[in-house]
Amino acid sequence: MKASDNDNSEEPIGQAVELPEIGSRESYDTLMEVVRNRVTVRKFDADFIVPESHFELILEAARHAPSGANAQPWHFIVVEDSEIKQRIADYFVAEQRFRAKAKMKFPTPDYRGLATAPGFIVVCSDLRWVEAFPVMKEESPDNAELNRMYRENAERILIQSVAASTMCAHLAAASLGYCVWWVTAIGQENAQKAMRPLLGIPDEISVLDIFLFGPPAQEPYKRWKKSMSEIASRGEFDPAQCLTRDEITEWIKKRRHKVMFRDASRID
Ligand SMILES: Cc1cc2nc3c(=O)[nH]c(=O)nc-3n(C[C@H](O)[C@H](O)[C@H](O)COP(=O)(O)O)c2cc1C
């Protein structure tokens with residue numbers, strides 16, 4: 001049978017992939033060294049210059065990420081101009097102050113460190129790509145609720161896709177010896193409006209996060225991670241892991257600021 005444009009069957013192999021042997025500890029251990037040692041810092045050595053080849057290696061990792069419908073709905077802007085970095089940092093510092101005034105009680109980090117990042121990449125997406133995922137093509141009063149439900153999921157597919165690509169970039173940076181910082185405090189409409197003109201971003205494009213990397217200004221540390229039994233179950237969901245709203249509120253009140261800013265050994 002001749003393949004048509006609508007043929008959904010898998011193609012025969014064109015470009016083969018080289019997989020390690022099943023169960024290869026060597027490649028797992030190499031990967032885990034990077035995964036385990038990828039840590040966030042919020043201030044960098046501002047004098048360091050990231051070689052051009054490192055940007056290429058990092059973005060090459062982002063390019064290979066999986067995505068819903070293979071739509072690859074991402075775009076990365078490498079920011080080099082220190083004045084623009086400073087202006088973005090200033091915006092975030094103002095946002096930090098706003099949050100304090102608005103009494104959000106979120107332990108907002110010190111965003112002045114943004115301007116110190118030698119690696120500064122703004123992660124964008126065109127949200128119209130949700131159309132590439134399963135959504136109703138025409139809305140009518142009859143399907144409005146279904147449409148809302150599918151669109152909500154389509155937005156999640158898009159965000160997960162961009163996050164997958166961003167994570168590949170973060171791991172690539174960590175594998176090159178850099179510390180990283182993932183900043184999402186950017187999604188609000190007013191932040192979008194402030195950011196777009198600085199980087200020539202069209203109105204159709206949204207800024208989803210900023211990816212910063214570089215050598216750390218201070219000794220980095222490993223943050224607390226949940227235990228395996230807290231995050232995974234076998235066979236069926238472990239009911240002990242379904243917290244009550246009060247337990248979540250308590251966690252946010254008592255632990256959140258510690259796990260965000262302290263070394264794993266200084267949590268309890
Ligand atoms: C989706 C996502 C959003 C984040 N947003 C922010 C942010 O807006 N500001 C910030 O300072 N850190 C942000 N972080 C970094 C987290 O605070 C950090 O990853 C977490 O505390 C765990 O520390 P670790 O990265 O060292 O393991 C974000 C991380 C992720 C994955």
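Predicted model: local features only at pLDDT ≥ 70, side-chain atom pairs only at ≥ 80, totals over all residues.
Figure 1. Domain bounds here come from an automatic or database domain assignment. Under that assignment, the chain splits into domain 1, residues 38-220, and domain 2, residues 232-268. A distance of 25 Å separates the C-alpha centres of domain 1 and domain 2.

**Figure 2. The largest nonpolar core.** This core holds 38 residues, and those touching the most other members are Val 123, Ala 173, Val 180, Phe 211, Leu 212 and Phe 213. At least two core residues come from each of helices H2 (52-63), H3 (82-101) and H4 (144-175), and likewise from each of strands S2 (119-126), S3 (179-183) and S4 (205-214). Helix H4 contributes the most, seven residues.

**Figure 3. Strand S4 and its pairing partners S2 and S3.** Nine of the ten residues of S4 are buried, so the strand is largely enclosed by the rest of the structure. S4 pairs with S2 in the antiparallel sense through eight bridges, and five bridges link S4 to S3, also antiparallel. Phe 120 has Leu 212 of S4 as its bridge partner, while Val 183 is opposite Ile 210 in S4.

**Figure 4. Contacts of Leu 212.** Leaving out residues up to four places away in sequence, Leu 212 touches Leu 114, Ala 117, Gly 119, Phe 120, Val 180, Trp 181 and Val 183. Phe 120 is also the residue that Leu 212 bridges.

**Figure 5. Shell around the ligand.** The ligand is surrounded by Val 39, Thr 40, Arg 42, Pro 109, Trp 182, Val 183, Thr 184, Ala 185, Arg 223 and Met 260. By class, the shell comprises six nonpolar, two polar and two charged residues.

Conventions
Residues numbered from 1 in each chain as written. Core = buried A, V, L, I, M, F, W, Y, C linked by C-beta atoms within 7 Å. Buried ≥ 20, exposed ≤ 12 C-beta atoms within 10 Å, placed from the backbone. Helix = DSSP H or I, 4+ residues; strand = E, 2+ residues; numbered from the N terminus. Contact = placed C-beta atoms within 7 Å. Near = placed C-beta within 6 Å. Nonpolar A, V, L, I, M, F, W, Y, C, P; charged D, E, K, R; others polar. Pairing = 2+ DSSP bridges.
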